[in-house]
Structure formats: structure tokens, C-alpha cells
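Here's a quick briefing for anyone meeting this structure for the first time. Have a look at it below, and then we'll walk through a pocket and some charged pairs.

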Amino acid sequence: MRKKGGPLEIESVEMEGPREDEVLVRLVASGICHTDIDFCDDWDEADTPVVLGHEGAGVVDRVGRSVKTVKRGDPVVLSYQSCGHCRPCRSGRPAHCKHLYEANFGFKRLDGTNALQRSGVRGHFFGQSSFATHALATERNLVKVPRDLRLELLAPLGCGLQTGAGTVMNSLKVSAGESMAIFGTGAVGMAAAMAARIVGANPIIGVDIHPMRLKLALELGVTHVIDNRQDQVVSRIADITGSGVDYVVETTANPKMHRLAIDVLNPKGTVALLTGENGIDLTEGRRTLGIIEGDAVPQRFMPRLIAWYRAGQFPFDRLVKFYDFSEINQAIADARRGDTIKPVLRISEVQP
């Protein structure tokens, strides 16, 4: 990215080989997440050009000497980066890593170096920069996945789908019979809906402005839908539930929807904010909770998502539309408009 807002340009750059603790991955595919798009819109053009992308999937090409968990030829999905040394990391909570911001948004290794330095470009976005043919990762942000599944399909598990499902299962720990509203039925919201159905939440209410998404949401997990262009959200939720809901998963980052989320909560209810905001306590035991990556440990949670997919309970493939790597700007434009829920770039063919 050389220009705020894009378009992104495909160029050849020089990258260092893997260090002792790094893995070189030949990328087969990369999902496009709204975090990538938001970064395009908010980027400071005075900064050095950057390589984005953080939902990579590929094949291990080379490993550093200290890497033990993967070898050349292994299929892997890349997720968020963490340091592995701070107290949250050591206690199994990498989403709360003390260095989470630097490791994922610093566009450099934690020691300050940059593998793309010789080309005057910065990488290491989420510890990967997966809008590329090759990426460097570490054992902490890659997950070995089964060979019998299409690797290009698994790419979105690394961030958006993990975040949506993890919010329901890990962060909120929703139980059977508890009620939930999901504001925004994009990829993250749809993943939350599928997870809510798995745990037995009821009712599950999807709120959006895109009729196509609401129709699909009914097929994937929600029990009721509200078209926010036409319906009064607060009164409709009251009609459906008789009161309010126990949980709201707010994915839109719209301040108006944030306020509405609080208005529809039952006492002791929780709004999950997926926008990085800090949580606050409200009246009658209500609260908002800032969520990062669904509090998921990728190496543990991703295999669970794959198992639910195999069982037909987490059909995330219905969200995906594939694009050639050269169509990256079209894919981003389609996602901006809401025409595509989860765009995935095909970058290279799978080879032994």
C-alpha cells in the first residue's frame, strides 16, 4: 500500500529468509478482513509503504533451526502474533499479550527489525503480511491443519471467524437458552451466529441493513432477523424476547449501534465490543466488554472450528467468495459495499 485508501499495488520486493525462530510460508490464499480495509482508510501516507494481510494459509517452505512444531511441506493457517514471554502469554492468554499492539500493528519484529527493509517496505502485519506470495511467521501465530481440507478455504479461520466464534464461546461463555443479538452479519457476525447455535443460545437475533446477509443468517444460525433500515431495533427485540437480550455482539463499530446495544440489554447482560474499545460497567449489572480475537488460543481453538465444520455445524464455506490475487482491489471494493461477506484471495496453487 502506497496510497491512503488504495488501490493496493502488486510489486516484487526482497525479503530476508527465516531467522532461527521463524517459518517461511509459501502462501496459497489469504482472506481479506475489515481490519485490512480499515487500515487502508486510516493509514498515514507519511509512513513507509506496507504489506497488509493477516488471514494467510499456505505451505511451510523453510524453518529456522529452533522451530519444532512444523516442517517443510506442512499446511498451515496463520493467525495473530504474540510475544510468548509476558505473563498473559505464559498463562495461556496470548490475546492479552503485553506486546499485542507492537507485534501485530508495528510492521516490524518485536526487536525492531523488518525483513523487507532492503526494499524500503514494511511487513510483519499481524506477524505475517499475507497479501504476498511468501510470509514469515513464528510457531506462535501458525497452526498446522489437516491435509485433506482445501487450504484456500481455511484462510479466514485465522482472524475473523475465530474472533466471532470465540467471542461467543470463550469471551462470553454463552450457555444454552440464553438470548443474543448480533449487530452486523458480516463474517464475524455470522461466525458468532453459528457458534451461538452450536452452544444452544435462543433466541439469536441478527441485525443488519443487507437483506441478502439477513436471509443467509437465518440459514446459518439466527432465529430472527431485523432489517435496521426499516425496523425499530429496540421495540422489535422487545417483541421477540418479551424484554431484552442477555448478550449483544456488536461488530459494526457504529456509535449509534453501540448505544442501541446497551438499550436492549437485560439486567446483568453484556455487550461484546469487537472494536478494541475498553469495557465499562453500567446500571443493574450490565456491562460492555472489549474483545480481542475472541480470546482464542489459535492452536487450540482452530482445530475445534475445523471439527465443527466437518460435522456440518460451522459451514463457513457459505460465506466465502474466491478472487485471484490480481483482483485484490475488486475484492476489497466488493467487501466495502457488502456484496461479498468473506473475500479470499487465491495466491498460488497447492504443491507437494
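A quick word on terms: helices (H or I, at least four residues) and strands (E, at least two) are DSSP runs, numbered from the N terminus. What you're looking at is a predicted model, where local features need pLDDT of at least 70 and side-chain atom pairs count only at pLDDT 80 or more, while totals for chains, interfaces and linings use all residues. Residues are numbered from 1 along each chain as its sequence is written, and side-chain values use heavy atoms, with hydrogens and water left out.

**The second largest pocket**

- On a 1 Å grid over the protein atoms alone, a pocket is an open set of points where a 1.4 Å probe fits, with protein on both sides within 12 Å along at least five of seven lines; its lining residues have an atom within 4 Å of a point.
- The second largest pocket has a volume of about 630 Å³, counted as the space filled by probe spheres set on the points, which are joined across faces, edges and corners.
- Its lining has 33 residues, and Glu-11, Val-13, Val-51, Phe-131 and Ala-132 are the closest to the centre.
- Strand β4 (residues 134-138) gives the largest share of that lining, with 3 residues.
- By type, the lining has 19 nonpolar, 8 polar and 6 charged residues (nonpolar: Ala, Val, Leu, Ile, Met, Phe, Trp, Tyr, Cys and Pro; charged: Asp, Glu, Lys and Arg; polar: the others, Gly among them).

**Salt bridges**

- Side chains of opposite charge can pair when their charged atoms come close.
- The whole structure has 20 salt bridges (a side-chain nitrogen of Lys or Arg within 4 Å of a carboxyl oxygen of Asp or Glu).
- Glu-11 pairs with Arg-2 at 2.9 Å, N to O.
- Glu-11 is partly exposed at 38% relative accessible area, and Arg-2 is partly exposed too, at 39% (buried means under 20%, exposed over 50%, partly exposed in between, with a 1.4 Å probe and protein chains only).
- Arg-65 and Glu-20 meet at 3.0 Å, N to O.
- Arg-65 sits in the loop between β2 (55-63) and β3 (75-78) and Glu-20 in the segment before β1 (22-31), so this pair ties together parts 45 residues apart in sequence.
- Arg-337 and Asp-334 form a salt bridge at 2.5 Å, N to O; they are 3 residues apart in helix α11 (residues 328-337), about one helical turn.
- Arg-337 is partly exposed at 47%, whereas Asp-334 is buried at 8%.
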